[in-house]
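Please look over the sequence and the structure first.

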Amino acid sequence: MQAETKAVVPGPCPCCNTEIKYLYKTENIPYFSDILIISAICPSCGYKFVDTQLLKHGEPARYTVAVDTQDDLSIRVVRSMSAAIEIPELGVHISPGPSCQGFVSNVEGVLDRIEQVVKGALQWGNDVEKENAAALLADIVRVKAGTFPITLILEDPSGNSGIISDKTVKEAYVPEEEYPQVKISEE
Ligand SMILES: [Zn+2]
């Protein structure tokens, strides 16, 4: 097993240009490749940056997994900043972008994140948006109860994401757009 490595790389804050420290840290997931966590906090403007990437990948990849039972909620999901998340059955599509964060979580955690966003729409949206939000929240409850099967799709042009399960189908795909990404070369 590889030891954890850490490195601090100075770089400009994308918001206010102050020189800040980016912390690069690798973590080892058993039976899977290492993950790299890059994080930074700007002391002058409060900008926060977190990205998570799987190492040893690098080709554009689409991961698909069927979430049919409550057990499937614990399937681990590694999402880099450049990955899009899609759940067709829920009409959910989360596009990557400079403001989105990478994370290591599981299927339930992904649903929790969607819930958070949808609850915002429930507060601030118009009538139609509120109705859609309420319906989506009800669907998420059923998914968590294991009574509403969904398909979780992760598309990553950097290839640095993954869904860690025997059931996961991995395929190559051609990205429609290029997203900015941090290139890390392995030692
Ligand atoms: Zn800043």
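## Model and confidence

The structure is a predicted model. The protein chain has an average pLDDT of 84, and 86% of the residues score at least 70. Among the elements, the lowest mean pLDDT, 82, belongs to strand E4 (residues 48–54), and the highest, 95, to strand E5 (residues 61–67). Where pLDDT is low, the predicted coordinates should not be read in detail.

## Overall make-up

The protein chain contains two helices and twelve strands. Along the sequence they follow the pattern β-β-β-β-β-β-β-β-β-α-α-β-β-β.

The chain has 187 residues, of which 26% count as buried.

## Helix H1

Helix H1 covers residues 107–124, 18 residues in total. From first C-alpha to last, H1 reaches 26 Å, close to the 26 Å expected at 1.5 Å a residue.

Val 107, Val 110, Leu 111 and Val 118 are the buried residues of H1. They lie on the same side of H1, because the arc they cover around the axis is only 90 degrees. Exposed residues on the other side of H1 are Gln 116, Val 117, Lys 119, Gly 120, Gln 123 and Trp 124. The buried residues of H1 are covered by elements including E5, strand E6 (76–79), strand E7 (84–87), strand E9 (103–106), helix H2 (127–145) and strand E10 (150–156).

## Helix H2

Helix H2 has 19 residues and reaches 27 Å from its first C-alpha to its last, close to the 27 Å expected at 1.5 Å a residue. Its buried residues are Ala 133, Ile 140 and Val 143. Because they cover an arc of only 75 degrees around the axis, they fall on the same side of H2.

The buried residues of H2 pack against E5, H1 and E10. On the other side of H2, the exposed residues are Asp 127, Val 128, Glu 131, Ala 138, Arg 142 and Ala 145. After H2 comes Gly 146, with a positive phi near 80 degrees.

## The largest nonpolar core

The largest nonpolar core has 25 residues, and those touching the most other members are Val 77, Val 107, Leu 152, Leu 154 and Ile 163. At least two residues of this core come from each of strand E3 (35–41), E5, E6, E7, H1, H2 and E10. E5 gives the largest share, four residues. Domain 1 (1–56) and domain 2 (57–173) each contribute at least three residues to this core.

Val 107 belongs both to the buried residues of H1 and to this core. Leaving out residues up to four places away in sequence, Val 107 touches Val 67, Asp 72, Leu 73, Ile 75, Val 77 and Leu 152.

## Tyr 173

Tyr 173 is found in the segment after strand E12 (169–172). Is Tyr 173 buried or exposed? Tyr 173 counts as exposed because it has 12 C-beta neighbours inside 10 Å, and a residue with 12 or fewer is classed that way.

Residues up to four places away in sequence aside, Tyr 173 touches Pro 60, Arg 62 and Glu 155. Tyr 173 and Pro 157 are 16 residues apart in sequence, and their C-alpha atoms are 8.2 Å apart in space.

Methods: Residues are numbered from 1 along each chain as its sequence is written. This is a predicted model: local features need pLDDT of at least 70, side-chain atom pairs count only at pLDDT 80 or more; totals for chains, interfaces and linings use all residues. pLDDT is the predictor's confidence in each residue, from 0 to 100. The expected span of a helix is 1.5 Å times one less than its number of residues. A residue is buried if 20 or more other C-beta atoms lie within 10 Å of its own, exposed if 12 or fewer, and partly exposed in between; C-beta atoms are placed from the backbone. The arc is that of the directions from the helix axis to the C-beta atoms. Two residues are in contact if their C-beta atoms, placed from the backbone, lie within 7 Å. A nonpolar core is a set of buried Ala, Val, Leu, Ile, Met, Phe, Trp, Tyr and Cys residues joined through C-beta atoms within 7 Å. Domain bounds come from an automatic or database domain assignment.
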